[in-house]
Amino acid sequence: MPTNVTVEYLKAEEEYQKARTIQEKIRALEKMYATVPKHKGTEKLRLHIKRKLSELRKELEKQQAQKKGGGYSFSVRKEGAAQIVLAGLPNAGKSSLLRALTNADTDVADYPFTTVEPIPGMMHHKDVQIQLVEVPGLVQGAALGKGMGPQLLSVIRNADAIAIVVDLSRDPVEQMEILLREFERAGIKLNRRRPAVEIRKTVTGGIVINGQENIKGDVREVMRMLREERIHSAEITVKEPVTLEDFSDALDESLVWRKAIVIANKGDAPGSRENYERLVKAYGERFRIIPVSARKKIQLDKLKDELYELAGIIRVFTKSPGEEPAYPPVPLKKGSTVMDLAERIHKDFARNFKYARVWGKSVKFPGQRVGADHVLEDGDVVEIHAR
Ligand SMILES: Nc1nc2c(ncn2[C@@H]2O[C@H](COP(=O)(O)OP(=O)(O)O)[C@@H](O)[C@H]2O)c(=O)[nH]1
Ligand SMILES: [Mg+2]
């Protein structure tokens, strides 16, 4: 028994002992995690709670997949350069936003649960098509099986990025707490970077750890985690300081890491200013928060810019020697290289690539000659020279 645990913690632990269903166990463990004092002496305890939670999450997923018999699931075919989901509690204004931002024609009503399944729409911005998908009916307990929760969360897991929609006419901090808990339960990590731990499984040789000094915690715990995951032989490289919990996350292949922004809707409603300020205070460091009004069409162009930014897309114009850049531009993922572009245009272009000339932000002077590995930026103009 660790020293100095609180009464709340002991109560939660008792609940855990009594819990029968996976859901009850998860709720109790979440309480234990929230109430355990955070200091060095409880580090192992916190790690164990987290790992147990992650185990239960996977068990729950399996159980739910079996229950549904693989039958009812939503899937939204990706179209355009990126898929962003609009996720929020019922009535936050997701349908209104989808309608205002895209070509989609969706229901808007004053009572919740109008929309029952994910609805896609296409947003056209800066010559790029971005798919927005309204995910309806997300409620407290969704990840634990409420309503179509698990199916809806799987749509969110599969998207490229997430726009959380909150309603500024009500307590937005409470809405965020509910939503973030469901995302956490579904293994969706928002605006966090996957810890820089590389794990390469090997056939023999046991566990080799490079950069062990970067592990901020007891290495025996690391060995134990590896055993639990049945990793007996691997080369592990720890590239930057990580806690034991970070290490555990890096091992957990069921987690997804996504970028997210918060759309604070109903900025026209009474009390919205105070609510917005509270929201910024609580979440402004972790999320970009964009106040808008779908109804009054306020700040929607700014929102489009932010969604475009969130999608992580750059547009690159191609040109032939002596000609004007071709329209429309080619959308690419941020960090794409000249070779990525060449492959997108034509296999032969990639195979016979010699060099490229680039105009724009990624180069020092116009028409600069670059190689295949050159990383492009938004708005660049590229002339590929091939054999
Ligand atoms: N005041 C105000 N009401 C809004 C705004 N956007 C949506 N609403 C209202 O909020 C309710 C729910 O909107 P809806 O788009 O259906 O929300 P959803 O359940 O998240 O899809 C409707 O009555 C909308 O008219 C807004 O910007 N300001
Ligand atoms: Mg809706």
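Helix H9 covers residues 272–283, which is 12 residues. At 1.5 Å a residue it should span 16 Å, and its end C-alpha atoms lie 16 Å apart, so expectation and model agree. The model is a predicted one.

**Helix H9 and its surroundings**

Which residues of H9 are buried? They are Ser272, Asn275, Leu279 and Tyr283. Viewed down the helix axis, the buried residues fall within an arc of 60°, so they line one face of H9. The face turned away from that buried side carries exposed residues: Arg273, Glu274, Glu277 and Lys281.

What covers the buried residues of H9? The cover includes strand S4 (161–167) and helix H6 (172–185). Strand S11 (256–265) and strand S12 (288–291) also belong to it.

**The sheet with five strands**

Elsewhere, 5 strands form an open sheet. Their order is S14-S13-S17-S15-S16, and the pairing is mixed. Strand S14 (330–333) and strand S16 (368–370) are the edge strands; each pairs on one side only. From one strand to the next, the twist averages 40°.

Helix H11 (residues 338–345) packs on this sheet. H11 touches strand S13 (313–318), S14, S15, S16 and S17. The direction of H11 makes about 130° with that of S14.

Within the sheet, strand S15 (residues 353–359) runs antiparallel to strand S17 (residues 381–386). The two are joined by 6 bridges. Ala356 stands opposite Ile384 in S17.

**The sheet with three strands**

Another open sheet is formed by 3 strands, in the order S6-S9-S7. Its pairing is mixed. Strand S6 (197–201) and strand S7 (207–210) stand at the edges. Each has a single partner strand, so one side of each is left without a neighbour in the sheet. The twist averages 15° from one strand to the next.

S6 pairs with strand S9 (residues 234–238) in the antiparallel sense. How many bridges link S6 and S9? There are 5 bridges. One residue pair can be named here: Glu198 has Thr237 in S9 as its bridge partner.

**Antiparallel pairs**

| Strand pair | Sense | Bridges | Residue pair |
|---|---|---|---|
| S6 and S9 (residues 234–238) | antiparallel | 5 bridges | Glu198 with Thr237 |

Conventions: Residues are numbered from 1 along each chain as its sequence is written. Chains are lettered from A and ligands numbered from 1 in the order in which they are written. This is a predicted model: local features need pLDDT of at least 70, side-chain atom pairs count only at pLDDT 80 or more; totals for chains, interfaces and linings use all residues. Two strands pair if DSSP finds at least two bridges between them. Helices (H or I, at least four residues) and strands (E, at least two) are DSSP runs, numbered from the N terminus. Axes are lines fitted to C-alpha atoms, for helices over the stretch in contact, and angles run from 0 to 180 degrees between N-to-C directions. Two residues are in contact if their C-beta atoms, placed from the backbone, lie within 7 Å. The expected span of a helix is 1.5 Å times one less than its number of residues. A residue is buried if 20 or more other C-beta atoms lie within 10 Å of its own, exposed if 12 or fewer, and partly exposed in between; C-beta atoms are placed from the backbone. The arc is that of the directions from the helix axis to the C-beta atoms.
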